[in-house]
Amino acid sequence: MITIQPLQRAQKDRVAHLILTEPQYPFVGEIHELTAEKDPQTDFHTGLRGETHVGFFKIDRDFSRVVDRLPMGTFGFRGLLIGGQYQGLGYGTALLTALPDYLRKTYPELTEIWLSVDKANDRAIRCYEKTGWLVDGPGRDGRSGLEQVMRLGLS
């Protein structure tokens, strides 16, 4: 249903049409903000339904900069945006279901990946839990409030 591919920074126009809807505002930036990041430790990826780009996310190759209790070089999953025009169609769950196989192929050294999600974002937390992510340790102060740290094993 969903395929995932790397997205080069020069290709960011392919996801520029992804809109943010009001319920998403507190939890994720607009696509132009997400794709403006220039950090060489952060890789861009896109979720596609057929030829249509329906989602975007980043892999941070040093997530300890975000969650300081994690060891240096820990990988993190950040900035997931399923375009508002594609919400409610199961694409978020489909992307998260496809993610482990994609990460194993794209980053073969990975045995786990981490994320930090706003505790008020119940919908996202349920989706993460449904696709195998586990709460791991205490929360942390985040962009818009307390965040829950979660981990997905890949081995």
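Helices (DSSP runs of H or I, at least four residues) and strands (runs of E, at least two) are numbered from the N terminus. The model is predicted, so that local features need pLDDT of at least 70 and side-chain atom pairs count only at pLDDT 80 or more, whereas totals for chains, interfaces and linings use all residues. Residues are numbered from 1 along each chain as its sequence is written, and side-chain values use heavy atoms, with hydrogens and water left out.

**View 1. G29 in the loop between strand 1 and helix 1.** The loop that holds G29 runs between strand 1 (3-6) and helix 1. G29 is buried, with a relative accessible area of 8%, where buried means under 20%, exposed over 50% and partly exposed in between, for a 1.4 Å probe and protein chains only. Although G29 and G79 are 50 residues apart in sequence, their C-alpha atoms are 7.5 Å apart in space.

View 2. The whole structure contains nine salt bridges, each defined as a side-chain nitrogen of Lys or Arg within 4 Å of a carboxyl oxygen of Asp or Glu. In one of them R78 pairs with E37, the closest N and O atoms being 2.8 Å apart. This pair links distant parts of the chain, with R78 in strand 4 (residues 76-82) and E37 in the loop between helix 1 (31-34) and strand 2 (42-49), 41 residues apart. E37 counts as buried at 18% relative accessibility. Another salt bridge joins R61 to D43, with the closest N and O atoms 2.9 Å apart; here R61 lies in the loop between strand 3 (52-60) and strand 4, and D43 lies in strand 2, 18 residues apart. R61 is partly exposed at 26% relative accessible area, whereas D43 is buried at 18%.

View 3. D101 and R104 form a salt bridge whose closest N and O atoms are 2.6 Å apart, and both residues lie in helix 2 (residues 91-106), three residues apart, or about one turn of the helix. Both D101, with a relative accessible area of 46%, and R104, with 35%, are partly exposed. Salt bridges that share partners also join E37, D39, K58, D60, R65 and R78 into one network.

**View 4. The largest nonpolar core.** A nonpolar core is a set of buried Ala, Val, Leu, Ile, Met, Phe, Trp, Tyr and Cys residues joined through side-chain atoms within 4.5 Å. The largest has 39 residues, of which F77, L103, Y128 and W133 touch the most other members. Among the elements that give two or more residues to this core are strand 5 (112-118), helix 3 (122-130) and strand 8 (146-153), while helix 2 gives the most, with seven residues. L103 touches I59, P108, L110, I113 and L154, not counting residues up to four places away in sequence, a contact being heavy atoms within 4.5 Å.

**View 5. The largest pocket.** A pocket is an open set of points on a 1 Å grid over the protein atoms alone where a 1.4 Å probe fits, with protein on both sides within 12 Å along at least five of seven lines, and its lining residues have an atom within 4 Å of a point. The largest pocket is lined by 42 residues, of which F27, V28, L80, N121 and Y128 lie nearest its centre.
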